[in-house]
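Here is a short tour of one protein chain, written for someone who likes cut-offs spelled out.

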Amino acid sequence: MSEPEQSTSNNSATKNSITPSTDQQIPLKILAIGSAYEDTILYVDKFPPEDGKQRAQRVEKRRGGNSGNTLTVLSQFTNVDAWFMASMASKEASTPSASHAPVAYIIHADNTGSRTIINYNSIDELTFDEFQKIFDDTCMRDNSSIPFNWIHFEGRNAAEEAKMIEYIDTKDWRNNTIISVEFEKPFRRGLEALIDKADVLFFSKVFAEGKGYDHADEFLQIMSPYSGAMCFHNPTKKLFSAPALAIPSVVDSVGAGDTFNAGAIYSLSQGMPPESCLRFSCELAGRKCAQIGFDGVVEKMKLAAMKKEEITANKQMI
């Protein structure tokens, strides 16, 4: 499964939203293992030239990191209980005089909708021993037979994450839990070793291109050169695709891929078929691109679905 590139259009007509009804929602308790950043986003008219000087239209700071963003979106669904595990900076490291907290500086160019990210992180990645201790303590305090029914990994420290997944595989409840892994950056060593260990895989376009692939049939039948997303469903050996949501303009694309992942995790946990899952995820990511930040994006999608249902019902009455 791959995240979409966002398309823009002056035509607001789209396919009907696919939103699970409230009486059919399945509880989702998810643990995400990844990184936590402080994002500083500089909004500019156009990308600055090298060695130049340019004034930003505005500056915004927000909590960042792929998994954290994904959980921020997932937590907006009322039936989701979201948990996060990451190597964190100390409280002292977050002060202005410190230089050890993970940070990302993002230049968002309005004329192209591009976002250029420069990040810095001096914190060691989470180790298996650290994971095992926290994970076991958390599971011991949980009274249910299945502590988490979804566990999501950012593909980062592959050797340690492989141990984490192998440890989870030893649990009696493993068959009732879905493990997903995000493959975003192609230069991280050994990530391919995680492919056979997960149930759901998320590949970014950057990852596929970094490995020298351009087409779906060349890259695990997942990637595609057009604007949208594709999914290879291994049990049926079928390829599914969905277009990006057409929106009037891209307002803020930071975290669009993380939002897409949230939509895919949620829709799959609710039992949606692959094609519906892709449409749901692309629409959620598109609606995120049409606003600043993540707040209220799920509610806006629900309201849009209700409005379309109302219009459809009125047409049937006429």
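A charge sits over a ring if NZ of Lys or CZ of Arg is within 6 Å of the ring centre and within 35 degrees of the ring normal. By that rule, the charged end of Arg58 sits over the ring of Tyr43, 3.8 Å from its centre. Lys29 does likewise with Phe148, lying over its face at 5.2 Å from the ring centre.

Some housekeeping before going on. This is a predicted model, where local features need pLDDT of at least 70 and side-chain atom pairs count only at pLDDT 80 or more, while totals for chains, interfaces and linings use all residues. Residues are numbered from 1 along each chain as its sequence is written, and side-chain values use heavy atoms, with hydrogens and water left out.

Now the overall picture. The protein chain has seven helices and eleven strands; these are DSSP runs numbered from the N terminus, with helices being H or I of at least four residues and strands E of at least two. Of its 318 residues, 47% count as buried, where buried means under 20% relative accessible area, exposed over 50% and partly exposed in between (1.4 Å probe, protein chains only). The accessible surface comes to about 16600 Å², and 51% of that belongs to carbon and sulfur atoms; the areas come from the Shrake-Rupley method with a 1.4 Å probe, and for residues only the protein chains shown count as cover. Taking contact as heavy atoms within 4.5 Å, residues 24 or more positions apart account for 68% of the contacts with a separation of 6 or more.

Back to the rings. Searching the whole structure turns up eleven aromatic pairs. Rings of Phe, Tyr and Trp (its six-membered ring) pair if their centres lie within 6.5 Å; planes under 30 degrees apart count as stacked, over 60 as edge-to-face and the rest as tilted. Here are two of them:

| Pair | Centre to centre | Angle between planes | Type |
|---|---|---|---|
| Phe77 and Tyr266 | 3.7 Å | 10 degrees | stacked |
| Phe183 and Phe207 | 5.7 Å | 65 degrees | edge-to-face |

Phe77 is in the loop between helix 1 (66–74) and strand 4 (80–87) and Tyr266 is in helix 5 (residues 256–269), so their pair ties together parts 189 residues apart in sequence. Phe77 is buried at 3% relative accessible area, and Tyr266 is buried at 0%. As for the other pair, Phe183 belongs to strand 8 (residues 178–183) and Phe207 to helix 4 (residues 205–210), so the parts tied together are 24 residues apart in sequence. Phe183 and Phe207 are both buried. Ring pairs also link Trp83, Phe131, Phe135, Phe148 and Trp173 into a cluster.

Helix 5 also packs against helix 6 (residues 274–289), at an angle of about 145 degrees with the axes 8 Å apart. Axes here are lines fitted to C-alpha atoms, for helices over the stretch in contact, and angles run from 0 to 180 degrees between N-to-C directions. Residues making the contact include Phe260, Gly263 and Tyr266 of helix 5 and Cys277, Phe280 and Leu284 of helix 6.

Asp258, in helix 5, is buried at 7% relative accessibility. Leaving aside neighbours within four places in sequence, Asp258 is in contact with Gly65, Asn66, Asn69, Thr70 and Glu182. Asp51 is in the loop between strand 2 (37–44) and strand 3 (58–64) and is exposed, at 83% relative accessibility. Its phi is near 65 degrees, a positive value in a residue other than glycine.
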